[in-house]
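User: Could you walk me through a few spots in this model?

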Amino acid sequence: MRFDWLYRESGRIAELFLWHLGLSVIPVVIGLLLALPLGWLAQRAGFFRSTLLGAAGLLYTIPSLALFVLLPLVLGTRILDPMNVVVALTVYALALLVRTVSDGLESVPPDVIQAANAMGYRRLPRLFVVELPLAVPVIAAGLRVAVVSNVSIVSVAALIGTPQLGLLFTQGLQLRFLTPIIAGIVLCVLLAALLDGLVLFAAKRMTPWQPGGAER
Amino acid sequence: MITFDAVSKHYRGQTVAVDKLSLTAPSGKLTIFVGPSGCGKTTSLRMVNRLIAPSSGRILLDGEPTDTMDVAVLRRKIGYVIQNAGLFPHRTVAQNIATTARLNGTPKDQALRIAHELLERVGLSSAFANRYPWQLSGGQQQRVGVARALASDPKFMLMDEPFSAVDPVVRGQLQDEFLRLQRDIGKTIIMVTHDIDEALKLGDQVVVLRTGGTLAQVATPQELLARPADDFVADFIGRDRGYRVLGFAEFAKGGVPLGAEPTATLGATPETLRQIATDRWVLVADSMNRPLGWADVDSVKGPLRDGDLNLSGTLAVEGSSLRHVLDAALSSPSGRGVIVGQSGELMGTVTLSHVAEAIEAARTGRMGTQP
């Protein structure tokens with residue numbers, strides 16, 4: 001471990017960390033925003049359910065490196081454009097979260113839906129006021145998986161040169177120098193734990209009604 | 001008034017759930033739909049607020065057809081109570097109750113004020129207002145469910161097996177309280193139950209449906225017991241029809257003479273018990289003179305303990321129906337039924353023969369006044 005190297009490079013490492021943070025979070029946020037309507041469609045059974053969930057499952061099986069390389073051809077972007085990584089990771093987050101949102105809405109007790117209908121809720125108010133709040137615990141659990149897995153997939157993008165902590169791994173390998181690799185691993189784990197905790201915290205705040213979740 | 005006009009429900013053109021049902025649930029009265037499973041009682045109920053769409057026929061609220069109303073507007077007019085309450089888990093008790101008022105456009109603080117008033121109305125303290133549903137027992141949740149249905153002050157209410165998911169003791173309490181509440185508020189209610197006892201106890205009018213969704217009989221509970229329309233109805237009401245008739249008000253007034261009953265307290269020695277006893281059994285009461293049970297003089301060896309008491313006898317509260325009085329006499333090991341006052345204090349005991357005389361007298365009176 002060469003701390004003097006870490007000290008000298010700290011500015012660049014911090015910059016890579018922020019890139020890594022952005023590349024991990026932004027795709028999950030976009031993915032969630034897209035997954036909400038799609039998951040809602042999927043949950044409403046029938047044709048949409050099998051098609052959407054099937055397609056989502058397939059997307060997730062495409063190797064990330066292949067996607068990073070293929071996307072410029074599809075999007076017309078330059079190969080080193082970070083946008084490729086954002087789009088690819090959004091696809092992964094979306095693939096995971098469509099199922100999560102659909103499962104979350106599915107987890108709302110039928111009694112509650114029936115009561116809401118019988119009281120005269122219309123469909124959209126019911127979705128926003130009743131179903132989504134009750135789906136938060138399940139959606140948050142899926143969100144945690146998506147965020148943490150994104151933190152690790154982002155580092156693969158080092159192979160196409162996008163700035164983020166993965167560059168520390170490639171650099172360490174090329175120089176046969178362990179310090180940047182260890183620093184990269186520690187920071188990745190730290191980032192994953194931080195984001196995971198953040199989602200957990202937000203979910204707890206949004207569900208004071210859960211047994212054990214409230215401090216009443 | 002809720003009117004069913006030749007209402008039918010078919011599923012996929014073959015199974016008939018409800019078959020040309022025509023009836024009226026009168027204003028301010030509690031109408032009960034009862035019948036075996038598959039008789040279409042719940043389907044019929046849900047067609048009123050169009051949770052299920054009728055295949056043919058019409059349902060009218062105070063003469064206004066429901067099929068042309070906006071469905072959300074229709075549902076907001078009708079209070080709805082279901083078996084497991086169906087409370088919103090993410091909302092506090094007060095917020096849950098306020099929901100229906102909010103849906104009908106009541107401002108938030110006024111809706112919450114209504115919620116707090118209703119909480120007391122249904123027998124829950126205001127300490128419950130800020131709790132979440134999971135912190136409540138089944139019976140408490142059901143009370144909140146009733147309060148929620150009432151918060152918009154609807155003219156009509158639909159209740160789908162509202163008391164069947166709680167234990168028998170709580171069910172009895174909820175039923176009694178609901179009867180008292182209904183006497184005050186006089187809503188036009190349709191309730192569904194599979195429990196004939198509940199139907200006879202609560203209903204102003206009982207609608208008996210048979211499998212296949214056809215109407216078997218519409219009658220008051222008394223009429224139903226006295227003159228069941230056919231074998232199906234007679235069979236459904238059950239074998240102990242004669243006994244059930246005793247539960248109605250007309251029998252309640254027949255006074256049964258009360259005998260004085262000497263009592264012992266816990267800790268009494270076998271000698272004391274023998275001095276008090278008029279026969280083998282001595283009634284044991286606590287310091288407030290509330291009956292605890294019967295002690296068998298012959299089998300008590302030492303000072304009287306809790307474990308020595310025979311608890312098989314039921315207590316009849318003064319002024320309750322002859323059904324309860326008779327049950328108290330029948331279930332008592334001494335053959336003397338224990339009658340208590342409103343706060344549980346001993347009033348005296350009745351003998352089986354006195355109860356039988358009272359039944360006889362009430363029966364003659366009833367037969368005499370019949371047209």
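This is a predicted model: local features need pLDDT of at least 70, side-chain atom pairs count only at pLDDT 80 or more; totals for chains, interfaces and linings use all residues.

User: Where in chain A is D196(A) found?

Analyst: D196(A) lies in helix α8 of chain A, the helix that covers residues 178-206.

User: Is D196(A) buried or exposed?

Analyst: D196(A) counts as buried, because its relative accessibility is 19% and the cut-off for buried is under 20%.

User: And what does its side chain make a polar contact with?

Analyst: The side chain of D196(A) makes a polar contact with the side chain of R144(A), at 2.7 Å; once neighbours within four places in sequence are left aside, D196(A) is in contact with R144(A) and V148(A).

User: What does UniProt place at residues 17-200 of chain A?

Analyst: The UniProt record, an unreviewed entry, places the feature "domain: ABC transmembrane type-1" there, and over residues 17-200 the model of chain A is 85% helix and 0% strand, with the end C-alpha atoms 21 Å apart.

User: Switching to chain B, how is it divided into domains?

Analyst: Chain B is divided into domain 1, residues 2-238, and domain 2, residues 263-360, and the centres of these two domains of chain B, taken over C-alpha atoms, are separated by 40 Å.

User: What volume does the largest pocket have?

Analyst: The largest pocket has a volume of about 1400 Å³, and of the 39 residues lining it, D176(B), L179(B), K201(B), G247(B) and H324(B) are the closest to its centre.

User: Which element gives the most to that lining?

Analyst: That is α6(B), which gives 11 residues to the lining of the largest pocket; the elements that give two or more residues also include α7 (196-202) and α13 (322-331) of chain B.

Definitions and conventions. Residues are numbered from 1 along each chain as its sequence is written. Chains are lettered from A and ligands numbered from 1 in the order in which they are written. Side-chain values use heavy atoms; hydrogens and water are left out. Helices (H or I, at least four residues) and strands (E, at least two) are DSSP runs, numbered from the N terminus. Buried means under 20% relative accessible area, exposed over 50%, partly exposed in between (1.4 Å probe, protein chains only). A polar contact is a pair of N or O atoms within 3.5 Å; within protein, one must be able to donate a hydrogen and the other to accept it, and residues adjacent in sequence count only if both atoms are side-chain atoms. Contact means heavy atoms within 4.5 Å. Domain bounds come from an automatic or database domain assignment. UniProt positions are given in the numbering used here, feature names are shortened, and annotations may be inferred rather than shown by experiment. On a 1 Å grid over the protein atoms alone, a cavity is a set of points where a 1.4 Å probe fits but cannot get out, and a pocket is an open set with protein on both sides within 12 Å along at least five of seven lines; lining residues have an atom within 4 Å of a point. Grid points are joined across faces, edges and corners, and a volume is the space filled by probe spheres set on the points.
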